[in-house]
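My entries follow in the order in which I looked things up.

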Amino acid sequence: MKRIVLTGFRGTGKTEIGKILSSRLNVPFIDTDDLVETKTGRSIPDIFHYDGEERFRSIERDVVASLPLADVIVGTGGGVVTDPENMEHLRRDSTLVLLFADLDTIEKRLLQKPRPPLTGLPLHEEIAAMMDRRRQNYYASADFCLDTSETSPALAGERILALLKTGVPLEEQRKTAWAFFKTGRIPPIPLKKLEDILVGTAHNPMTRIMGVAGYPCAHSLSPKLFNALIDRYHLDYHYTWFEDPELDEIMDVARAIDAKGLSVTIPFKKDVIEYIDEIDEHAAQQIGAVNTVVFSCGTAIGYNTDWLGVRKPLVSMKGAKAVLLGAGGVAAGAAYALIDLAMDVTILNRTPKNAQILAERFGCRWGNWEDFDRIRPDLVVNATPLGMQPDTRSPLREDQLQKSMTVFDLVYTPPVTPLIEAARAKGCNTITGSDMFIEQAREQFYLYFGIDVPVENMRELIL
Ligand code: NAP
């Protein structure tokens with residue numbers, strides 16, 4: 001039997017439900033908090049009080065790494081999910097069920113079994129603050145979710161057992177989804193695999209679908225990368241292409257098959273906002289575009305990881321003088337990243353009005369393409385499609401490049417664009433679109449699964 005791991009905040013019923021599952025499935029129940037206490041011979045409040053939370057987390061990490069991999073039910077401490085190393089161990093060959101409950105219910109349950117506070121706040125506020133802080137981690141820890149607010153532990157146990165037998169999408173929903181996917185442009189081998197998973201003999205109720213949503217998106221590298229990561233970390237997921245001109249259709253199918261998440265690409269990054277329930281602060285308030293949707297516990301949450309993909313390779317260039325070429329969707333994320341790094345930014349665009357609109361949003365300069373030569377920037381970021389296959393043009397002439405410049409081309413097909421080639425010939429420092437792609441995909445994987453993939457591993461898988 002695959003290991004079943006219960007995650008969730010204190011008071012959501014992990015221990016009681018875990019014990020019920022253990023007796024129904026006739027396998028042991030292990031509680032990570034109990035293991036910490038056994039291993040140290042001390043109580044958790046005592047470890048927190050005398051050694052601090054960091055020490056507790058370190059012991060907990062060792063405990064999680066030593067858990068058996070099969071035939072066991074694991075109940076986890078409420079904060080276990082915040083550590084990517086724990087998530088890597090807990091997710092391996094396991095089914096994770098996130099238990100959740102409303103605030104009042106959790107408060108009522110915690111009042112019955114008092115525990116030392118984790119913050120100096122009154123209990124209700126402490127629960128709200130901690131749940132809010134950890135919410136993204138909890139969602140990333142969920143293969144399946146169960147609301148235990150109005151459910152007895154016995155009934156919750158029955159529901160989990162039923163879930164393990166049938167999964168979430170009904171046969172009818174899987175058939176409808178299959179009709180959608182087979183009209184797309186998924187290559188024959190992955191299409192056959194998807195058919196087997198959805199409606200064929202290889203159907204496993206625990207396998208969940210996710211993918212890239214766009215039109216067109218058949219060229220996307222995401223399925224290759226994410227499926228390799230899914231294999232590497234032993235996850236029961238399959239990543240595919242949700243390619244359709246109608247976002248409505250894509251979102252209907254994603255919800256019908258209980259998709260884990262979507263990586264959203266052209267042309268839906270703005271439109272998808274109206275289909276989701278919540279949106280993170282960077283994506284919504286500033287960038288106005290979502291490239292990642294995580295579905296969990298009946299909620300769809302939108303994030304933007306593009307800006308992090310631009311920001312990460314540039315952290316050593318804080319305060320630089322930068323020119324951003326282009327004023328479209330990706331340029332908005334790039335502008336946000338450059339401003340976040342306190343750069344002096346000028347946006348240049350084919351249609352200057354669009355540069356002006358974007359610049360006014362971020363409080364930076366803007367201008368015409370011709371203004372490039374007088375600016376003499378330290379950094380140039382290309383956020384136009386110029387140079388993207390089959391286009392062989394470069395947004396800048398060779399004589400406009402200086403050896404002292406860093407040139408970052410966000411275009412990643414081909415891996416070495418005409419702009420990057422010219423910049424390398426000039427002796428410039430260069431950053432490629434693949435660097436951005438890798439960083440933004442790393443962030444996406446973390447949002448989906450709570451696992452931090454080393455950059456080198458991402459690079460190996462994609463190049
Ligand atoms: P978009 O919203 O369509 O914006 C395109 C921008 O480029 C606009 O400002 C447009 O100017 C300008 N532009 C288009 N054609 C041009 C031309 N022939 N000459 C000069 N300027 C031109 O596209 P996007 O979503 O921002 O994507 C831009 C590029 O980013 C894509 O082609 C893709 O290669 C790259 N990208 C990379 C990653 C990654 O992970 N590395 C992720 C996403 C996208 P106007 O305002 O005048 O129309």
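A backbone N or O atom of Gly 329 lies 2.9 Å from an oxygen atom of the ligand. For Gly 328, I found a backbone N or O atom 3.3 Å from a ligand oxygen. A polar backbone atom of Val 330 is 2.8 Å from an oxygen atom of the ligand. The protein covers 79% of the 940 Å² of accessible area that the ligand has on its own (Shrake-Rupley method, 1.4 Å probe).

I noted the basis of the values: this is a predicted model, where local features need pLDDT of at least 70, side-chain atom pairs count only at pLDDT 80 or more, and totals for chains, interfaces and linings use all residues. Residues are numbered from 1 along each chain as its sequence is written, and side-chain values use heavy atoms, with hydrogens and water left out.

Of its 23 residues, Ala 327, Val 330, Asn 349, Thr 351 and Asn 354 come nearest. Helix H19 (433–449) gives the largest share, 3 residues (helices are DSSP runs, H or I, of at least four residues).

Which residues lie nearest the centre of the largest pocket? I found Ile 266, Lys 269, Val 330, Ala 383 and Pro 385, among 50 lining residues. H19 again supplies the largest share, 5 residues of the lining.

Key
A residue is near a molecule or strand if one of its heavy atoms lies within 4 Å of it. A polar contact is a pair of N or O atoms within 3.5 Å; within protein, one must be able to donate a hydrogen and the other to accept it, and residues adjacent in sequence count only if both atoms are side-chain atoms. Helices (H or I, at least four residues) and strands (E, at least two) are DSSP runs, numbered from the N terminus. On a 1 Å grid over the protein atoms alone, a cavity is a set of points where a 1.4 Å probe fits but cannot get out, and a pocket is an open set with protein on both sides within 12 Å along at least five of seven lines; lining residues have an atom within 4 Å of a point.
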